[in-house]
Amino acid sequence: TQLLEQSPQFLSIQEGENLTVYCNSSSVFSSLQWYRQEPGEGPVLLVTVVTGGEVKKLKRLTFQFGDARKDSSLHITAAQPGDTGLYLCAGARAAGNKLTFGGGTRVLVKP
Amino acid sequence: DVKVTQSSRYLVKRTGEKVFLECVQDMDHENMFWYRQDPGLGLRLIYFSYDVKMKEKGDIPEGYSVSREKKERFSLILESASTNQTSMYLCASSLRQTNTEAFFGQGTRLTVV
């Protein structure tokens, strides 16, 4: 059983459409991180959200941390083929920065 | 440019062999991690080390051990490889400070036959 549940597992959309990926847990985390992984590479950090209710924007990507610090979402506006990849959320515990990852959402944006 | 380097991109080993996966980081990070990645399961933590000679079991430590004799190097050992250990293995490092970024290596795809 994953401590962090991501949904959906797979998303296939057309270029220009919007999408949202969810990351949910019954546990409280000191922060939630979102990573993107491309084939043959390790995950790379996109953003860290720390405060409950926090919203961060990175160009067309919007990240939100739930008020109770148990869940997070990633919204992509007007998706482009370059957004294709595996998106992973990771929760950090208060002590020592031990990261627990969700199962990942594979996003495919078709031109 | 920060770097986490894993010794092999691809490995093929036989059942029962002892397998060593090596990871080196050049960022003077306290924390180092070994994850395995399987489709639909995300990254599952095998072992975590927060200092030289210190280690902590992750979520799936069975069949694995680790060694951290120097701060920059973290080794994953499969004592007797089995086919269910066929997977992608990812090493990462981070500062000990909470909420800081983890940097990953490119991964080692291990096949046990």
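## The disulfide in chain A

The torsion about the S-S bond of Cys23(A) and Cys89(A) is about 75°, so this disulfide (a pair of cysteine sulfur atoms within 2.5 Å) is right-handed. The pair connects distant parts of the chain, with Cys23(A) in strand S3 (residues 19-24) and Cys89(A) in strand S9 (residues 85-92), 66 residues apart. Strands here are DSSP runs of E with at least two residues, helices are DSSP runs of H or I with at least four, and both are numbered from the N terminus. The distance from S to S is 2.0 Å.

This is a predicted model, in which local features need pLDDT of at least 70 and side-chain atom pairs count only at pLDDT 80 or more, while totals for chains, interfaces and linings use all residues; side-chain values use heavy atoms, without hydrogens and water. Residues are numbered from 1 along each chain as its sequence is written, and chains are lettered from A and ligands numbered from 1 in the order in which they are written.

Are the two cysteines buried or exposed? Cys23(A) is buried, with a relative accessible area of 1%, and Cys89(A) is buried too, with 0%. Buried means under 20% relative accessible area, exposed means over 50%, and partly exposed lies in between, using a 1.4 Å probe and protein chains only.

## The disulfide in chain B

A search of the whole structure finds two disulfides over all chains. One of them is formed by Cys23(B) and Cys91(B), whose sulfur atoms are 1.9 Å apart. Cys23(B) lies in strand S3 (residues 19-25) of chain B and Cys91(B) in strand S9 (residues 87-94) of chain B, so the link ties together parts that are 68 residues apart in sequence. The torsion about the S-S bond is -80°, and the link is left-handed. Both Cys23(B) and Cys91(B) are buried.

## Strand S9 of chain A and its partners

Strand S9(A) has eight residues and eight of them are buried, so the strand is largely enclosed by the rest of the structure. Two strands pair if DSSP finds at least two bridges between them. S9(A) pairs with strand S4 (residues 31-37) of chain A in the antiparallel sense over seven bridges. In this pairing, Ser31(A) has Ala92(A) of S9(A) as its bridge partner.

Three bridges join S9(A) to strand S11 (residues 105-110) of chain A, again antiparallel, and here Leu86(A) stands opposite Arg106(A). Strand S10 (residues 99-101) of chain A is also antiparallel to S9(A), with three bridges. There, Gly91(A) stands opposite Thr100(A).

## Chain A as a whole

Chain A contains zero helices and 11 strands. For its 111 residues, a compact globule would have a radius of gyration near 13 Å, and chain A has 13 Å, which agrees. This radius is taken over C-alpha atoms, and the globule rule is 2.2 Å times the number of residues to the power 0.38. Along the principal axes, the C-alpha atoms of chain A fill a box of roughly 45 × 30 × 20 Å. Of the 111 residues in chain A, 49% are buried.

## Ser7 of chain B

Ser7(B) sits in the loop between strand S1 (4-6) and strand S2 (10-13) of chain B. Its relative accessibility is 48%, so Ser7(B) counts as partly exposed. Leaving out residues up to four places away in sequence, Ser7(B) touches Leu21(B) and Glu22(B), where a contact means heavy atoms within 4.5 Å.
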